[in-house]
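Reader: I'm new to reading protein models. Can you walk me through the one below?

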There are 4 protein chains.
Amino acid sequence: MDKLKVVTIGGGSSYTPELIEGFIKRYEEFPLTELWLVDIEKGREKLEIVGALAKRMVEEANLPIKVVLSYDRREALVDADYVTTQMRIGLLEARIKDERIPLKHGIIGQETNGAGGMFKAFRTIPVILDIVKDIQELCPNAWLINFTNPAGMVTEAVLRYTNFKRVIGLCNVPFGLKHNIATQLDVDMNDVTLEISGVNHHIYVTNAYVKGESVLDKVIEKQIESSEEALQMNNFTAQSYSPSFIKGLGYLPCPYHNYYYFTKEQLETELEEYKEGRVRGEVVKKLEDELFELYKDLELRVKPPQLEKRGGAHYSDAACSLINSIHNNKQDIQYVNVRNNGAISNISSDSAVEIACVITKDGPKPITVGELDPRINGSIQNIKSFERMVCEAAITGNRELAIYALSANPLCPSATIAEVVVDELLEAHKEYLPQFNK
Amino acid sequence: MDKLKVVTIGGGSSYTPELIEGFIKRYEEFPLTELWLVDIEKGREKLEIVGALAKRMVEEANLPIKVVLSYDRREALVDADYVTTQMRIGLLEARIKDERIPLKHGIIGQETNGAGGMFKAFRTIPVILDIVKDIQELCPNAWLINFTNPAGMVTEAVLRYTNFKRVIGLCNVPFGLKHNIATQLDVDMNDVTLEISGVNHHIYVTNAYVKGESVLDKVIEKQIESSEEALQMNNFTAQSYSPSFIKGLGYLPCPYHNYYYFTKEQLETELEEYKEGRVRGEVVKKLEDELFELYKDLELRVKPPQLEKRGGAHYSDAACSLINSIHNNKQDIQYVNVRNNGAISNISSDSAVEIACVITKDGPKPITVGELDPRINGSIQNIKSFERMVCEAAITGNRELAIYALSANPLCPSATIAEVVVDELLEAHKEYLPQFNK
Amino acid sequence: MDKLKVVTIGGGSSYTPELIEGFIKRYEEFPLTELWLVDIEKGREKLEIVGALAKRMVEEANLPIKVVLSYDRREALVDADYVTTQMRIGLLEARIKDERIPLKHGIIGQETNGAGGMFKAFRTIPVILDIVKDIQELCPNAWLINFTNPAGMVTEAVLRYTNFKRVIGLCNVPFGLKHNIATQLDVDMNDVTLEISGVNHHIYVTNAYVKGESVLDKVIEKQIESSEEALQMNNFTAQSYSPSFIKGLGYLPCPYHNYYYFTKEQLETELEEYKEGRVRGEVVKKLEDELFELYKDLELRVKPPQLEKRGGAHYSDAACSLINSIHNNKQDIQYVNVRNNGAISNISSDSAVEIACVITKDGPKPITVGELDPRINGSIQNIKSFERMVCEAAITGNRELAIYALSANPLCPSATIAEVVVDELLEAHKEYLPQFNK
Amino acid sequence: MDKLKVVTIGGGSSYTPELIEGFIKRYEEFPLTELWLVDIEKGREKLEIVGALAKRMVEEANLPIKVVLSYDRREALVDADYVTTQMRIGLLEARIKDERIPLKHGIIGQETNGAGGMFKAFRTIPVILDIVKDIQELCPNAWLINFTNPAGMVTEAVLRYTNFKRVIGLCNVPFGLKHNIATQLDVDMNDVTLEISGVNHHIYVTNAYVKGESVLDKVIEKQIESSEEALQMNNFTAQSYSPSFIKGLGYLPCPYHNYYYFTKEQLETELEEYKEGRVRGEVVKKLEDELFELYKDLELRVKPPQLEKRGGAHYSDAACSLINSIHNNKQDIQYVNVRNNGAISNISSDSAVEIACVITKDGPKPITVGELDPRINGSIQNIKSFERMVCEAAITGNRELAIYALSANPLCPSATIAEVVVDELLEAHKEYLPQFNK
């Protein structure tokens, strides 16, 4: 049996059992021999709990997959075939600050493309670039599947600031959209394909097909009838788009667009949560503690159903599916973050975009999108430009650029607030941001 | 002496005396023989006041310029060499609604790229397209110099929805920036040239030169020392950019960027004005009434200095300067709204942009800008996309698109509010919007 | 059983038996109910022979496919699902002139992208545009699969000069390349996919994959070892690329590149053929006569093997395969002529290109190519520009443009010769070129 | 008096007296203090002759310009304000080989974009890159004005393979076109401006203006009446475009287009010259010898009129004019080789193109061209791609790429010949091509 080795960095994550389940389900096609779960010393307790569960799951499935726990990333990476990254620098405590500090000053934190996402990028990008260096040395033919958020910016940073090509950014939002569209139309999810245009957490469904026939009109109609359904996610309350809005747009927005089209309402909700000590990070922390309690139970030998309630549900499953399609050259269509290469004509060829790709053993091949419709071009370009500024600031440690970038962010209504928020977050995350403390 | 005929549509405007002064000043180079001031019947009183002043000014200057007042646009256009448009469909009453109705619902009206600008575009674009039809029939070699706001959208609409090429959109903002930069650096304004990137009322100074040498660093420095000066305009209070913001941006924003980088503060100011019945339109109306009182004075034989306090000051002078440069093939650099034609690589070639052009007898020739820096790309693309949606809705009368477009506008924080505001404005301006009442 | 109707215009072609065989082979997946073979009165004899063979073949296969012979295109098109075009305006006599007249003046005729192709385009494009008009009226949801040469220009003309979107240009060259690569590497052809860049009859294999793994290096190596094999076609003698050439190029050229990289040698060969009365058209005519003799044989109830020796072998099979993939939304990768839409960044979005596409029920979706490598950009752009000029001249009947276009063609070494050749061909084909006789 | 220092590398060139004359004529505007003429030891004799003449010319003009002869490039470059390069690596002997060896094998040598130009680029580019390194160290604010041929490739190489931005490629062809157009139309040359599209020695006049008014139609008409006049140059016999050709093209080609539109005729002429030992290099050598004889005459104190008969006449004058416009921020329009930066949409932004620019103290600012018309796109792209391959091969010493590039060149009708010619030229120029002898 050939060696087939996957390394998961941030292995102590509560999502790991889903990943294990994903590999178990696909074992016949993807005969994994070694799964290395890597974490840092600080995460030892969690990794041990999750690792033990992982081993019980494999045992229960009666499969010859060797699960290895490691605190030495470089040792783990040697000869890896696939590397997945799902770490959270600074843990949930950092996320809670990412959310509470902006809210304290009256703006949404937003852990992906807002102030929170910016600082998550600042903490994460230098680490990812280090990982890439290790991969280039220790397993240069491996594919790096990143699902650490902000996945768009992380992919952008690797593509723009390294010469490593084998990186794919992955998100569960397209998966969710596809799933919900299938449900709404009452068709098999496998028969659905989408045309996706945009960047991570800021995509539009610009066409949808059932068995290859366009059903965009029906999807729009369904969306109008019951506006929230297709856009529902676990991690926030959907706002209700009016029929006029959807007709005017003519496409399907993604759940995260709530932040941009309903900034006011979203902010009000979050301020409420802020006051009550239940911003998303705090909620997630509680959920995680509960999950880890569950995971400790030696009787538990499968992924517990509670995990599916998380915002990141299906992330790991999407990752397994992607890895499987690469490995077996399935040439199916998946929606990932890749180098644009001209697929969207009016976005720089060097930038990361989230679009439909044919997944092959040689990686994802983007299907051409063409020029973006003005209905979606403005907002996509706006977020893409924000991402690029954040990546630059993450690498150079340019505080002024960070302040300017947040001032230009659609969730921030004042340059004055931007400056206060950036400075306060820089201080709060100081230990994780050496690039800003030169 | 050869005939040289200029037709000014919206001749009854309070800005007309500046235009007259501009032609008088340039008479030697630009020997105007006929100036037709055209207005609609409803504007007869104003046109007669302004027209009489115009005649006195010409008389005072002792020049053989024939000033003709006309209420018949087609008669006026015959064989015109230059046509300028400065009309205000629905008069200031309409502008006041454009501002008050959005503010009533807690959003900024903004008469150029916000809800107000959208409705000004809806009222103006069909009229401009009619004028273009007349020009194509009656004076096809004339240049159309439009300074009716929103000048960017009006130019976009002519370029995209007609086959008339000889249109130029004109704005006084670049003139103001150039003037203020010269003042700050204490140099002669004629020695200053700028690199401008963007769309009307949303431009950045991406480079500035004195006698051809780049002084961007100095301009940035001066801006940091005394942040408001270069960005001051008559028509609104400048907010104060922090040094960090300006360093982060690295370019000079334009006065209208206040709306986007200080949305919160701007809104607060305007809500105050709203309550006190002194939104910009109301202030302007008062100013205009005072001006017309002045204009009635038979002793007044020159442009009164009070006119320069208006937001639109220098507009007409900029127009005269542009016309003069075309006429005499001056090949100087001016900043106008023209077909992009690839000058900004990542904006559609067919779109209008506001950039530095060499002004020749064959029209403005854009100087290449290249790909926009992410620092400014997002916001420029956002406004450009908004402009394109507004133009489409102005022509098709698509209410849903108008609602979606306003939802996507950076000044509007909620799709719910967008719908209410659009519907209320559609009702308020019903008589001027036949395209929406099909 | 649902109706499933295919209409083949130019049904009397000698290639039709291959098409019939293709549909018979795929009957289970593609249950064709009606096949209309359409031709003009002048082609009645041939259509009757081929039609009778087609009926015998269907009978032999024992399938319920109705074969209808028709001389009324409009009657045939009603409610068609797929329309294929394989007609030859002016028959082989015209092709012989396309080849002999240029050779008489010392230049290669080249029936696709040379003088011959230009005149074939001039004869064909007006007819195709008429067919498109009929399709838009009588069966607007049908797909038009064109394999009439010059397929690239025909597709370009439909895309650029009509608003019909459902057109696909098809060629057997990519099929041949794929087949030969599979043979060289001794792998199953179904495991091979290619990255193709270019325009019809002017493509390069810029990557090749076996089961998704890039084997470009191996293909290049094999090509160097045995230079002609992968580039062999039935219809002309392959020249032998040197190892240095292939290493310098780094990609695989297509068989038609012989004309451009070995113009001198190719011309010498053709001048020989010209003198001996066996230019390709003459050879084909002889082959065709022999085929029709065979087809008359009432005992013949299958496609005769002799047909495979033709240059166009596999054309019809490629067409059946394409139609089948559309019909069944196979999402496999095929190589067709489609609207570029930005897939190749430096070719106009509106132009036809020949590239790898995912074939879906909604048509082919191009896989992004990006910017062309300078190694291939020059020659591809050169032919693409030639194609566009020819399309324009075909529609406007602009003789001067035809002369200029041929002067700019890489096969024509002198503008003086170009003018003589164009004028002589215009005269020779006068009856088929009403657009030039205005 | 401020220091104003120009360094001319290849100072011993026979063109130098024109340069001296140019600086003398412009002394009032451009008060040159030091002119360093630099050459290599091998060129000592020539430099001494030319240098002495230069000193006599300055003396005659009674100007305080210090003329310094130097064989130490680095010493000369210290604190230079402008550096011009006009050297010929391998002298005219090398050019003669560039021409004779290809002709021996039946192809045109063509010293700019053919086999000859390729090898001139191979000899020159490494030297230019060394000069750029010295400039970056010793006078980083200097402008490098290159008129060493092939000027397009040299500029491309500096722009693409160094980070030095202050380079401008200069050619006398646009000057000649402008001059001839003025003559044909009988207008003052200063009133003429052109729209130029293309790359060095491969440009088209896509519009022409007299005092800003388009006169393209007239220029085309004149060209038709008397086809050779506007395209006449000293260095080769103009072929005669037919009226149909010019109407079909719709623009004005440049003199070098003879090679491409009349390859056959041009080749015949050159083969004649080859046989008679008077290929262009040989003719030039004789002319040069005569010029140097003239220069030796101590009575000669001005530029001798014989110099104007050279193909490169006006080159140096164009250079002085360019330097003067930069120095004095004239903002006039000149035609130079610069980074495209999107000016021509379908050519890579990073490539050098030859287009109309506004000349400022901050360098040339390209006027936007837009997308190239198919009439000219193919041939321009073809040469541009050839240039890029040659630059790459010049730097990497990739023999196979050189062979492929020549095979793809429009002047070379056979890959077989290309290989022989490249190998023979590599051998002939061995001493100047260390990059190929690794």
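Predicted model: local features only at pLDDT ≥ 70, side-chain atom pairs only at ≥ 80, totals over all residues.

Reader: Which residues does UniProt list for "binding site"?

Author: The unreviewed entry gives A:C171 and A:H201. They are spread over 31 residues of sequence, yet they cluster in space, with a largest C-alpha distance of 8.1 Å. UniProt positions follow the numbering used here, feature names are shortened, and annotations may be inferred rather than shown by experiment.

Reader: Why is A:C171 called buried?

Author: A residue is buried if 20 or more other C-beta atoms lie within 10 Å of its own, exposed if 12 or fewer, and partly exposed in between, with C-beta atoms placed from the backbone. A:C171 has 28 others within 10 Å, so it counts as buried.

Reader: What makes A:H201 buried?

Author: Its count is 23 other C-beta atoms within 10 Å, so A:H201 is buried too.

Reader: Where is A:H201 placed in chain A?

Author: A:H201 is in the loop between β7 (192-199) and β8 (202-210), and A:C171 is in the loop between β6 (167-169) and α7 (173-185). Helices (H or I, at least four residues) and strands (E, at least two) are DSSP runs, numbered from the N terminus.

Reader: Which residues does A:C171 touch?

Author: Leaving out residues up to four places away in sequence, A:C171 touches A:A151, A:N200, A:H201 and A:E354. Being in contact means that the C-beta atoms of two residues, placed from the backbone, lie within 7 Å.

Reader: How many residues does the largest nonpolar core have?

Author: It has 554, and those with the most contacts inside it are A:A405, B:A405, C:A405 and D:A405. Such a core is a set of buried Ala, Val, Leu, Ile, Met, Phe, Trp, Tyr and Cys residues joined through C-beta atoms within 7 Å. Among the contacts of D:A405 are D:M118 and D:F386.

Reader: How many residues of chain C are in contact with chain D?

Author: 38 residues of chain C are in contact with 38 residues of chain D. On the chain C side, α14(C) gives the largest share, 11 residues. Chain B and chain C, however, do not touch, and their nearest C-alpha atoms are 12 Å apart.

Conventions:
Residues numbered from 1 in each chain as written. Chains lettered and ligands numbered in written order.
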